[in-house]
2 protein chains.
Amino acid sequence: MENFSFKNDTDIRFGTGRIESELHDAVAQFGDKVLLVYGGHSIKKSGLYDQVKNVLSDLKIVELPGVEPNPKIASVREGQKLAQENDVDVVLAVGGGSVIDASKVIASAKFYQGDPWDLVVNANGADRMKLDQLPVVDILTLSATGTEMNFGSVISNPETHQKFGTGGPHTPAISFLDPKLTYTVSKWQTAAGSMDIFSHLIEQYFNRTENNDVSRGMIEGLMRSVLKWAPVALDEPSNYDARANLMWTATMALNGIVRSGNKGGWTVHSLEHELSAYYDITHGVGLGILTPRWMKFALKDSSTTALFARFGRQVFDIQEADDQKAAEAAIQATYNWISKLGFPMTLPEVDIKDETNFDAMAASAVKTGSLDKVAYVTIRVDDAKEIYRESMKNGDF
Amino acid sequence: MENFSFKNDTDIRFGTGRIESELHDAVAQFGDKVLLVYGGHSIKKSGLYDQVKNVLSDLKIVELPGVEPNPKIASVREGQKLAQENDVDVVLAVGGGSVIDASKVIASAKFYQGDPWDLVVNANGADRMKLDQLPVVDILTLSATGTEMNFGSVISNPETHQKFGTGGPHTPAISFLDPKLTYTVSKWQTAAGSMDIFSHLIEQYFNRTENNDVSRGMIEGLMRSVLKWAPVALDEPSNYDARANLMWTATMALNGIVRSGNKGGWTVHSLEHELSAYYDITHGVGLGILTPRWMKFALKDSSTTALFARFGRQVFDIQEADDQKAAEAAIQATYNWISKLGFPMTLPEVDIKDETNFDAMAASAVKTGSLDKVAYVTIRVDDAKEIYRESMKNGDF
């Protein structure tokens, strides 16, 4: 096991009925000037917007609506301006990963006098880790990214065609996780979020550390949870147990616990970010197409066989004594589960019809993710291209 | 899944070589007057005591040695006196669960003017949750109780024959977890600590909440970790992976994560505390004797069959389609694993030769643990007696 440090002080309020009774004090303890950040109309349609405004009616609320999926730096800039002009005390994020991601960067940007894009790319001497950060309280409405209990955000800059991750000094102060708020999430978004959760777990499971059974054992349990409950949530959108298991699994998948003691970087997310960047497809759909192809590529390296076999036995209950066969069955089972989410399973089905951009995408993915240096299985540019190409075909799954 | 709140801000520093480079600043950030709490001679023999004193040579250190297993209120009283007289800024606990447990209560007692036993039993208007608490930094030397990342302590009062749990407002501020510091832990203590870890997981796994697969899945992984690595640590005391997996499993088993969303109280710990209180046997040994007998008792209630079967399949890899048979095999496997730790497996082997105290013990266990109200399977006084009686016999394991 590798040396590691772990500290995460987010205050989780999980369950139903807590916004009415606890939100006011959770926010007001930090002050009475609140920046309320949200996305589109869904929280108005669901009544959540009105509920929040009622509960906080004695506080001064400044609003930043319109944060989009793949949150843009323009929203952060607007949030910075509002936070500074109104000298807000706390940011209240109501929405999914994008709204919370943007809110975390705005919380830093309040204390920065330049362009907040500097904070994302560490330009012009900007360093979020040395800046103060406003407390962020969030109400999560989508189970997927885990941002509700971690330090990270991903922000896009359409002007420069860049999309980068950035980490701040603090996780959200308080996160309200009410599974009922995800009852109205569409099938498509439920499936994409579930794939995102599963992918986070895969990225951390397949790492270069041997003998970290604490991490691997917990990940196997979390994987079984998402595999079991995502299909239930798709069939029965208002099944509380399904929504609750998905929500807490998403948080646990990316709050730092299950990566503790591991080494090695992520692979499929780097490959997918290029797909999203070039073709603007849904992140979870891109992950679903690429994951089984990456697994097939990785299994060509025989040093991975035992771990893929373990994955198959522990996660998919594959009863097969031979490691190679168990590993192959695990990849097949992964493919089958993803396809049952209702996703397109090849690139042409998401309108990526030719290989025009594969050279540039492969080069960028390898560079951005250091895939030739830290990935579980080394990925060079030609390897990345091969994975993209295999994703064009139906394959022999 | 039940509603729950989770917040735990302990700063974990896991791995080797970190005391030399990080301990000084970890302690000195809180001030220069340190109460150093430890147990017997083992940390002097191992060189850890000298290392700590060297690293902190520029700070003012007041020492409280001699904290015993099952820490006594007398140590807490002495610590309170030293903390107040010297106006210390921080408590540094170097040792196992007992040393850290005592240190956490001392950290509260510094701010209380009465007898600290009041803080343990909430007498005379004392309330630890409303008191300030000194930061506790600890260096853990035994993998077992999980106190290094939770709010609890267990303190004994030999004058009143009482042993109670108490919770404070803060977990330890910083915990140094160096697996190498456990290389010198004896086989007996390694086995007892491993049994304690396994029991913490069992107590939380068998709870009244259906469909919390996040908790159950993570617990299954943690169980597999302790089942696998405890025997390795017994055979090879200096096996780093074995010590590291046990250490981090112990912390994860009782830092609040895996109980999140569950309901229901613990059973076997309540039954065991009576054994320890009446006969002063090692806690882990008592747990080892009682656990399979409690399981047999619980399985008589057919509502438990499916969960015991799941436990057998996921944790012991039992391949058996029939739930009842899988459940019985799981209990047998539990018994076998415990007996391989080298423990006595009946009460007469630990010099409990007759049933003299069983009435009083059973009544006390049921009352203290509310076993007739909140246990996974309801335990009344007669049931508790039956479990003690079954523990007298070799049984048909």
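Mentor: Domain bounds here come from an automatic or database domain assignment. Keep in mind that this is a predicted model. For chain A, the assignment gives domain 1 as 11–182 and domain 2 as 187–390. Taken over C-alpha atoms, the centres of domain 1 of chain A and domain 2 of chain A are 28 Å apart.

Now the interface. Domain 1 of chain A brings 20 residues into contact with 18 residues of domain 2 of chain A. Between domain 1 of chain A and domain 2 of chain A, about 1,600 Å² is buried. Carbon and sulfur atoms give 65% of that area. On the domain 1 side of chain A, the residues that lose the most area to domain 2 of chain A are A:Ser143, A:Ala144 and A:Met149. Together they account for 28% of what that side buries.

What classes of residue make up that side? Where domain 1 of chain A touches domain 2 of chain A, there are eight nonpolar, eight polar and four charged residues.

Last, the core. The largest nonpolar core has 222 residues. A:Trp294, A:Phe308 and A:Phe311 are among those with the most contacts inside it, as are B:Trp294, B:Phe308 and B:Phe311. Leaving aside neighbours within four places in sequence, A:Phe308 is in contact with residues including A:Phe206, A:Trp294, A:Ile331 and A:Tyr376.

Definitions and conventions. Residues are numbered from 1 along each chain as its sequence is written. Chains are lettered from A and ligands numbered from 1 in the order in which they are written. This is a predicted model: local features need pLDDT of at least 70, side-chain atom pairs count only at pLDDT 80 or more; totals for chains, interfaces and linings use all residues. Side-chain values use heavy atoms; hydrogens and water are left out. A nonpolar core is a set of buried Ala, Val, Leu, Ile, Met, Phe, Trp, Tyr and Cys residues joined through side-chain atoms within 4.5 Å. Buried means under 20% relative accessible area, exposed over 50%, partly exposed in between (1.4 Å probe, protein chains only). Contact means heavy atoms within 4.5 Å. Buried area is the accessible area (1.4 Å probe) that two parts lose on being put together, summed over both. Ala, Val, Leu, Ile, Met, Phe, Trp, Tyr, Cys and Pro count as nonpolar, Asp, Glu, Lys and Arg as charged, and the others, Gly among them, as polar.
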